Amino acid sequence: MHKRVITSFGFYKCKAAFVGAFALVAIAAYLAYNSLSRPLPPYGAPRSHLILWVQNEQKLKELHPAFRLKVRAVIKDLKTRKLRPRIATAWRSPQSQADAVAAGKSKVQFGFHNITGPNGQKRAWACDIVDDNNARVTNPKFFFPLAKIAESHGLITGIRWGLSESDIRLVELSIEKEDWAGTTTMRTGWDPAHLQPIGITAEQAQKDLIKGAFVKPRDNSK
Ligand SMILES: [Zn+2]
C-alpha cells in the first residue's frame, strides 16, 4: 500500500514537471509571437530558433492553403539538410508590389505574391525563402538545394531567371547531380529566393483556377 502511494506520487510529480515544462514553452512562444507584432526586417540579422519558427508560421498564414502545404514540405526538407530557411516575404499589397518593382526586386505589377481570396484575404502563391544565417547574401550553398527541393515538390524558384541558355544548362546540371562544388562561381538568376507554382499563371491563381498548379505543362524556366 505504502509503495503504491509513493509510486503514484512519483507519477504525479512527473506529470507536474511535464505540464510545467509545457507551460514554459507556451509562454516563451507567446512572448516571441508578441515580440513579432511589429515585423522584423525581412533581410535582417539571424533570428533565434524560436523567433524564426514564429516568423515562418506567420508568413505561412499569408499563403493559399494548397501552396502553403508545398512550402511547409520545402522548409521541412531544407531543415533535414541542416539549413535554416526563413520566409522573408509572402503576401504583398499592391503598394509594396509597386515598391518591389521600383527596387528591382520584381518585374511584374501583378504577380503570385499579390493574390487575394474572395473577401480580399491574403492568399499568396509566392514567397521568398532566404538563408537565416546569411539573409543578405546570395549563397549558392543555400539556393541550389532550395531549387532542387522546390522542384521536387512541383514548385520553381527564380534561380534561372535572366540567364543565358548556356548558363541555365550549367545551373540545371548542378541541380540534377546535386553537385554544389562549382556553384560558388556560377552565374545564377536574379531571384533565387522566390518560390512559385509551375503550372499556372498569377491571373489563374487570382481566379482560383489552380488545377495543375504543381504540374509542369510548359516552359516556365525564364
Ligand atoms: Zn518573390
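**Figure 1. Sequence separation of contacts in the predicted model.** In this predicted model, 65% of the contacts between residues at least 6 apart in sequence join residues at least 24 apart. Buried residues account for 31% of the 222 residues in the protein. Along the principal axes, the C-alpha atoms fill a box of roughly 80 × 45 × 35 Å.

**Figure 2. Order of the secondary-structure elements.** The protein contains 7 helices and 4 strands. Read from the N terminus, these elements follow the order α-α-α-β-α-β-α-β-α-β-α.

**Figure 3. Burial of strand β2.** Strand β2 spans residues 127–131. Because 5 of its 5 residues are buried, β2 is largely enclosed by the rest of the structure; the burial criterion is 20 or more other C-beta atoms within 10 Å of the residue's own. Cys-127, Ile-129 and Asp-131 point one way from the strand, while Asp-128 and Val-130 point the other way. Both sets of side chains, including those of the acidic residues Asp-128 and Asp-131, belong to buried residues.

**Figure 4. Pairing of β2 with β1.** Strand β1, comprising residues 85–89, is joined to β2 by 4 bridges. The two strands run antiparallel. Within this pairing, Ile-87 stands opposite Ile-129 of β2, and Ile-129 is itself buried.

**Figure 5. Pairing of β2 with β4.** Strand β4 covers residues 191–197 and is connected to β2 by 2 bridges. This pair is likewise antiparallel. His-194 in β4 is the bridge partner of Asp-128, a buried residue that points the other way from β2 than Ile-129 does.

Key:
Residues numbered from 1 in each chain as written. Predicted model: local features only at pLDDT ≥ 70, side-chain atom pairs only at ≥ 80, totals over all residues. Buried ≥ 20, exposed ≤ 12 C-beta atoms within 10 Å, placed from the backbone. Pairing = 2+ DSSP bridges. Contact = placed C-beta atoms within 7 Å.
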